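Notebook open. I want to go through this structure one site at a time and write down what I look up.

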Amino acid sequence: MSGRSEPLSAEEWSTFFEPDGRIVNENKLRARIFRGGIDPAIRKEVWYFLLGYYPMYSTTLEREVLQRERRMEYLALKQRWQEELEPDDHECADDFDAADNLSEEEQFIFVQAKLRAMRQELDVEAAEDSIRIIRKDVPRTDRQMEYFEADDTIHLVWLNDILVTYAVFHGEVGYVQGTLDYMRSILYIISFHPFQNPQPLPLSRLCPLNLVYI
């Protein structure tokens, strides 16, 4: 059995793209990463493809559109549970003020996302149970990581909001043991805010992966 190879570098990563931005030879790319892993400098960019957030065969232009749509989708879903389940605990005005600064096209996408979010079924009892457990678990994440060590770090808020948003709108799964560790690792690499790039990876878009080598 051959040994481990060098991590996938930025230069080699660029050779897997067509001029329009599509990934070519996906199987070769996955095998290459399995054998050598990914250079930390490009890990965030590569994970967007490996975790299914961007389709491998999407063009650069298609990914730009997808980014805007998913950005608004997440914000709309988060606002709905905050307004409906914890109206006294959240200031949604900031999110709406940020939406006012969007382009006309982005505002239209945001409104459509809000309408879809309002049509989502919400089991209040199950959602409240998930929120209660998540509230207890998030402060227990690995605080030795500098990213999460401060008690007032915004990163714990982001982690909480992602987990709650998924659990509330995926009641058939909800919040299960191990999800926090999985999401913590992704958030540490991706690091996001709803109105800053890069954007969150909705858990419903993720595919099962062994993250050991990436």
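I start with a term: a salt bridge is a side-chain nitrogen of Lys or Arg within 4 Å of a carboxyl oxygen of Asp or Glu. I will also need accessibility: buried means under 20% relative accessible area, exposed over 50%, and partly exposed in between (1.4 Å probe, protein chains only).

**Entry 1: ground rules.** I am working on a predicted model, where local features need pLDDT of at least 70, side-chain atom pairs count only at pLDDT 80 or more, and totals for chains, interfaces and linings use all residues. Residues are numbered from 1 along each chain as its sequence is written, and side-chain values use heavy atoms, with hydrogens and water left out.

**Entry 2: confidence.** I checked pLDDT, the predictor's confidence in each residue, from 0 to 100. The protein averages 84, and 83% of the residues score at least 70. Helices here (H or I, at least four residues) are DSSP runs, numbered from the N terminus, as are strands (E, at least two). Helix α1 (residues 10–14) has the highest mean, 97, and helix α5 (residues 93–100) the lowest, 52. Over residues 192–214 the pLDDT stays under 50. The model still has 75 contacts for that stretch beyond four places in sequence, a contact being heavy atoms within 4.5 Å.

**Entry 3: salt bridges.** How many salt bridges does a search of the whole structure find? I get 12. I looked up three of them.

I took E83 and K114 to begin with: their side chains meet at 3.9 Å, N to O. E83 sits in helix α4 (residues 60–85) and K114 in helix α6 (residues 104–119), so I have a link between distant parts of the chain, 31 residues apart. E83 is partly exposed at 34% relative accessibility. K114 is buried at 16%.

Next I looked at E86 and R135, whose side chains meet at 2.6 Å, N to O. E86 is in the loop between α4 and α5 and R135 in helix α7, so the pair ties together parts 49 residues apart in sequence. E86 is buried, at 11% relative accessible area. R135 counts as partly exposed, at 32%.

Then I checked R140 with D137: the closest N and O atoms are 3.4 Å apart. R140 is exposed at 62%, while D137 is partly exposed at 22%.

**Entry 4: E26.** This residue is in helix α2 (residues 26–36). Is E26 buried or exposed? It is buried, at 18% relative accessibility. Its side chain joins that of R30 in a polar contact of 2.9 Å. A polar contact is a pair of N or O atoms within 3.5 Å; within protein, one must be able to donate a hydrogen and the other to accept it, and residues adjacent in sequence count only if both atoms are side-chain atoms. Not counting residues up to four places away in sequence, E26 touches M56 and Y57.

**Entry 5: H155.** I found H155 in helix α8 (residues 154–169). It is buried, with a relative accessible area of 18%. Which residues does it contact, leaving aside neighbours within four places in sequence? They are Y147, F148 and L187. The side chain of H155 reaches the backbone oxygen of Y147 at 2.7 Å. Y188 is 33 residues from H155 along the chain, yet their C-alpha atoms are separated by 8.7 Å.

**Entry 6: helix α9.** I compared its length with expectation, 1.5 Å times one less than its number of residues. The 12 residues of α9 (residues 179–190) should span 16 Å, and the end C-alpha atoms are 16 Å apart, which agrees. Its buried residues include L187, M183 and I190. The buried residues of α9 pack against α3 (43–50), α7 (124–137) and α8. S191 follows α9 with a positive phi, near 50°.

**Entry 7: rings.** Rings of Phe, Tyr and Trp (its six-membered ring) pair if their centres lie within 6.5 Å; planes under 30 degrees apart count as stacked, over 60 as edge-to-face and the rest as tilted. I count 9 aromatic pairs in the whole structure. Y48 and Y54 have ring centres 5.3 Å apart and planes at 25°, so the pair is stacked. Y48 is buried at 5%, and Y54 is buried at 13%. For Y147 and F148 the centres are 4.8 Å apart and the planes at 90°, so that pair is edge-to-face. Both Y147 and F148 are buried. Ring pairs also link W13, F17, Y48, F49, Y53 and Y54 into a cluster.
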